[in-house]
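Please read the following report with the sequence and the model open side by side.

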Amino acid sequence: MVDANEYRLRIANANPAQLVVINFEMVIVFLDDGQIEKAKDALEQLVRSLNFEISLAHDFYEIYKYINELLITAQFSKDEVIVTQSVSEVRELMGTLLDGWRNVEKQVADLPPVAGESPKIYAGLTYSRDGQVDEYVDEGNNKGYMA
């Protein structure tokens, strides 16, 4: 089962390699929970993260495309044997890729979190005595929200 709060915290503090690892993990967890559509959504995030200016991205794209085909087969097949085989193959492929990305993650562990690159924005509404709404926005160098 996916612990949404755990993943939110990890995503908020993740560098680019860690985000890829999280997406791989989510595909596997969703498969374990029998949520094939959500597994496909997590796989789609991996596809969107590819930088096609790098030749290796094209190889990853072909692998992701094949995995997506397996997920579609598992989602729409009425034959339980085919469903089980497809899900098993996806798990195996994703596990192998996840192991590789975990090695990358260790090598770039000192990169700053992706979320740390965006500015902190404070915003709020106040109401004056005459019923008018005053808006306040302060874009500082910090990230997050303050109440």
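The report below describes the fold in outline and then turns to particular places in the chain.

This is a predicted model, in which local features need pLDDT of at least 70 and side-chain atom pairs count only at pLDDT 80 or more, whereas totals for chains, interfaces and linings use all residues. Residues are numbered from 1 along each chain as its sequence is written, and side-chain values use heavy atoms, with hydrogens and water left out.

**The chain as a whole**

The chain contains 5 helices and 2 strands, where helices (H or I, at least four residues) and strands (E, at least two) are DSSP runs numbered from the N terminus. Read from the N terminus, the order of the elements is α-α-α-α-α-β-β. Of the 147 residues, 29% count as buried; buried means under 20% relative accessible area, exposed over 50%, and partly exposed in between, with a 1.4 Å probe and protein chains only. Among contacts in the chain with a separation of 6 or more, 51% join residues 24 or more positions apart, a contact being heavy atoms within 4.5 Å.

**Helices α3 and α4**

Helix α3 (residues 36-48) and helix α4 (residues 55-76) have axes that come within 10 Å and cross at roughly 170 degrees. Axes here are lines fitted to C-alpha atoms, for helices over the stretch in contact, and angles run from 0 to 180 degrees between N-to-C directions. The crossing angle therefore makes α3 roughly antiparallel to α4, given that angles under 35 degrees count as roughly parallel, over 145 as roughly antiparallel, 65 to 115 as roughly perpendicular and the rest as oblique. On the α3 side the contact is made by Ile36, Glu37, Ala39, Lys40, Leu43, Leu46 and Val47, and on the α4 side by Tyr61, Tyr64, Ile67, Asn68, Leu71, Ile72, Ala74 and Gln75. By residue class, this contact of α3 with α4 holds 11 nonpolar, 2 polar and 2 charged residues. In this classification Ala, Val, Leu, Ile, Met, Phe, Trp, Tyr, Cys and Pro count as nonpolar, Asp, Glu, Lys and Arg as charged, and the others, Gly among them, as polar.

**The largest pocket**

The largest pocket has a volume of about 250 Å³, and its lining is formed by Pro16, Val20, Leu46, Ser49, Leu50, Asn51, Ile54, Leu56, Ala57, Phe60, Tyr64 and Trp101. On a 1 Å grid over the protein atoms alone, a pocket is an open set of points with protein on both sides within 12 Å along at least five of seven lines, a cavity is a set of points where a 1.4 Å probe fits but cannot get out, and lining residues have an atom within 4 Å of a point. Grid points are joined across faces, edges and corners, and a volume is the space filled by probe spheres set on the points. Helices α2 and α4 each supply at least two residues of this lining, and its largest share, 4 residues, comes from α4. The lining divides into 10 nonpolar residues, 2 polar and no charged.

**Single residues**

The table sets out the accessibility of selected residues.

| Residue | Relative accessibility | Class |
|---|---|---|
| Asn23 | 16% | buried |
| Arg48 | 59% | exposed |
| Ser86 | 6% | buried |
| Ile82 | 34% | partly exposed |

Asn23 is found in helix α2 (residues 16-32), and, leaving aside neighbours within four places in sequence, Asn23 is in contact with Ala42, Gln45 and Leu46. Gln18 also lies in helix α2; with the neighbours within four places set aside, Gln18 is in contact with Asn13 and Glu105. The C-alpha atoms of Gln18 and Val114 are separated by 9.5 Å, although these residues are 96 residues apart along the chain.

Arg48 belongs to helix α3, and Arg48 and Tyr61, 13 residues apart in sequence, are 9.6 Å apart in space, C-alpha to C-alpha.

Ser86 has its place in helix α5 (residues 80-107) and touches Leu70, Thr73 and Ala74, not counting residues up to four places away in sequence. Ile82 is likewise in helix α5, and, apart from neighbours within four places in sequence, Ile82 is in contact with Thr73 and Ser77.
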